[in-house]
Amino acid sequence: MEVISISNAAPPRRRPGRHHDRVILHIDLDCFYAQCVENRQPSLRSLPLGIKQKGILATCNYVARRHGVKKLMPIAEARRICPDLVLADGEDLSPFRDVSKRLYSLVRSHSWNGKVERLGLDEIFVDASDIISYNAELLNPNALAQSWFCLSRPDPEVGFEFDATSFAGCVHGVEDEACQVADPTLRMRLLLGSHLARYLRMKIEEEGYTSSCGIATNKLLAKLAGDKNKPQNQTTLLTPSPEDVLVFMDPHPLRKVPGIGSKIARLLQGFVLDGASGEAPPRDDESGVSATVGQVRTHPAASAPALERLLAGPGAEKGIGRRVWALLHGLDDTDVKPGRDVPTQISIEDSFKGGLTTLPEIRQAMVAITASLLRRIRVDLLVEEGGEPGTGADAPAISETKAKAKAKKKTRWLACPRTIRLSTRPYTNPAENKPYNFARASRSAPLPSFVFSALSNNNNNSSSNGTNSHDYNSNTPPLNSNNDTILHQTADRLVTTTLLPLFHKLNPPISATATSSISASTHQPLLRANPNTANQPPKPEGNGMYNIGLINICVTNMSGAGAANSTVTGGGGITELFRRQEEWLAGFQVVDGHGCAPAAAAAAPAPAPAPAAADRDSDADDDDYQGGGGCRGGQHDLLPDTNPKPPPPNPGCHALGQVEGDLVSPGDVDSHGKEEDEESRMSWEWDDDDDNGDDCYDTIKARHGDDDNDNGGGGNTVRCPLCERVIPLFAVAAHERYHALGEE
Ligand code: DCP
Ligand code: MG
Ligand code: MG
């Protein structure tokens, strides 16, 4: 274990400040994937059920847990412990996502301030401060037992009755007069929070899902409190004084604290054990870290600056020491972020243990991922008129009545992604301990318009026959429905026309000479061809010329939020073409300082010879962009400006940073693989900018430095698709006006 010594000089041990003015709820669905499966097949409820993904249990129901089965246990071990364990496949996350979004929408519909944030697929934070303060004012001290909780400001009759003389659910902490004295309003506000939490949990139960909830004054405490009584229960944390918070925090293993990932926990443990004596608490078997919050917090050398020195380093966030020091004190002033309707990007990836080596298996994997992606596009971006994402398209209806109403409604696109991006990564043996993003490479192309027409039609079918291929609350068969057939056909077509050509550019097959010079440690062919052999024609299919450990397919560059219908049908002249400069630029071919030649248009299914790219590539593409209004308006190819630029520090093709701005912000990544799950779940980054809670995988990308956005600079001119003039970027707007005037 790495031990870092810290100066023994008396550290300033100032405690961070604290705020008690918020009431935060943290709702966590019980054994989420298992409940989804049980709702589809209720007979499973009484049996021990495990959801398998890649040889381990993603989760298991509480019947299985009573047999000693645990989350993330290898299947073989779980079977040994519980031979009767029923296993269900959990590789396809789409149905879980659907349920997740639907329940999120349900909770959000009760919020006044919109501060409802998803974390992972099954957790929701609610900042209920405003609704609680409002209701605190309404209380009649003489009739607390017959109180009314008002859920709608304009309509006081919308709400529920409750007994304001006692908390709903469990209480942890100081439930006595001291609390009342320390902060007279705090107890009542938390009490109101407990009743709102119970109401919301009951609403979720009406949809068939039990949950647990923590109620406290910040996100960190709410999440930790919710863990105290699981499943199907709730806990309000009463910590009127700073000391009470410390008493609550201190026994927690470091790894249980959201925001303290395994790396930080290991460093903190090294810090604690350095010269510390005394009995170590039981090891946290998820990370091998045994130290508790209290051990670090009370260590004589511990302080915010000391932790800064300990934890700072390449890649560490600024102020990490202060942040972790605050967390150890139960302090967290991060806001509950309001949910966004339109994600910046939607992406699905899968990892392949041992690597995919032949083109047929790669193609098959790509079709499966693309089908999932299309489904998500439909769920997230195609909505009923007046609806919000997750309520239209495939999202299961909340009730039968609503389902009927829904069938009559029209749909519209909230936004249209204009770019599709393929990223691949070679398979590396985990023992090699390569960084998460090792050698990930990406290419992009315009998203063909047939996708939108197929999805719209597909949705019409869905609306008219009322079926849902993944409705986990109905008995509709999950596969082979008309919807799925269209989806798979569209996915197949997209792979053929767009993704395979991108793949071939990214991954020139390994020639005999290249394969013979392969990594002795893995005995696998390298993903990247030797530049000397990169232009060799691809080998015939099926002869094991690849080594693909991960495939990520992403749609991004969202356009026309709220007005996407028109974009689907295309059209739009030059005015529309130039309407959004950034989006427009994103489609340009970008030329790097090494003169990476633009390849031919990506429409042909035949493999194209790849440029002699070095280790990494970037998103911005060397493919043609069919710019135009909305998704696919005009049919002008934007050609690259071949004006050479000074070489970027990293050899290879690079995109312009500003061009790929969308991709820099975290989007919506769905990982089918299990490799990074542990990190993603435990190393919770409070400050990430995920729009949807299921984006915790993006946190990983960010932490590991997602080189998809590794834009190393490049050209700062583009060629106009209409007049073919080369234009500096700063002059694009003026050039747009020039053409627009000409059009009038
Ligand atoms: N999940 C996963 N891989 C992980 C962690 C979680 O696939 N490493 C999935 C399966 C879970 C879901 O996410 O069902 C939610 O994760 P939780 O940690 O909340 O676990 P559960 O909801 O399954 O159980 P609990 O009742 O303990 O909350
Ligand atoms: Mg859960
Ligand atoms: Mg959870």
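Trainee: In this predicted model, what is the order of strands in the open sheet of six strands?

Mentor: The order is E5-E6-E1-E10-E11-E9, and the pairing is mixed.

Trainee: Why are E5 and E9 said to stand at the edges?

Mentor: Each of these two strands has a single partner strand, so one side of E5 and one side of E9 are left without a neighbour in the sheet. On average, neighbouring strands of the sheet are turned by 20° against each other, direction ignored.

Trainee: What makes E10 and E11 a pair?

Mentor: Two strands pair if at least two bridges are found between them. Strand E10 (residues 211–216) and E11 have three bridges, in the parallel sense. Cys213 stands opposite Gln234 in E11. Helix H7 (residues 184–206) lies across E1, E10 and E11, and runs at about 165° to E10.

Trainee: Which residues coordinate the magnesium ion (ligand 2)?

Mentor: The residues are Asp28 (OD), Leu29 (O) and Asp122 (OD), at 2.0 to 2.2 Å. Their spacing in sequence is D-L-x92-D. Asp28 belongs to strand E1 (residues 24–29), whereas Asp122 lies in the loop between strand E5 (116–119) and strand E6 (123–127), 94 residues apart, and the pair thus links distant parts of the chain.

Trainee: Why is the arrangement around the magnesium ion (ligand 2) called octahedral?

Mentor: Six donors count as octahedral if opposite donors are over 155 degrees apart and all others between 65 and 115. The six donor atoms here subtend angles of 81 to 169°, which makes the arrangement octahedral. In general, the ideal angles for six octahedral donors are 90 or 180 degrees.

Trainee: How do you know whether Asp122 and Glu123 are buried or exposed?

Mentor: Buried means under 20% relative accessible area. Asp122 has 13% relative accessibility and therefore counts as buried. Glu123, at 10%, counts as buried by that cut-off. Asp28 is buried as well.

Trainee: Which residues of helix H9 (residues 242–249) are buried, and why are they said to line one face?

Mentor: Val245, Leu246, Phe248 and Met249 are buried. Seen down the axis of H9, the buried residues fall within an arc of 160°, so they line one face of the helix. What covers them includes strand E9 (170–173), helix H8 (219–226) and helix H13 (320–328).

Methods. Residues numbered from 1 in each chain as written. Chains lettered and ligands numbered in written order. Predicted model: local features only at pLDDT ≥ 70, side-chain atom pairs only at ≥ 80, totals over all residues. Heavy atoms only, no water. Buried < 20%, exposed > 50% of the residue type's maximum accessible area, 1.4 Å probe, protein only. Helix = DSSP H or I, 4+ residues; strand = E, 2+ residues; numbered from the N terminus. Arc of directions from axis to C-beta. Contact = heavy atoms within 4.5 Å. Donors = N, O, S within 2.8 Å, 3.2 Å for Na, K, Ca; no water. Tetrahedral: all angles 85-135°; square planar, octahedral: opposite > 155°, others 65-115°. Axes fitted to C-alpha atoms, helices over the stretch in contact; angles between N-to-C directions.
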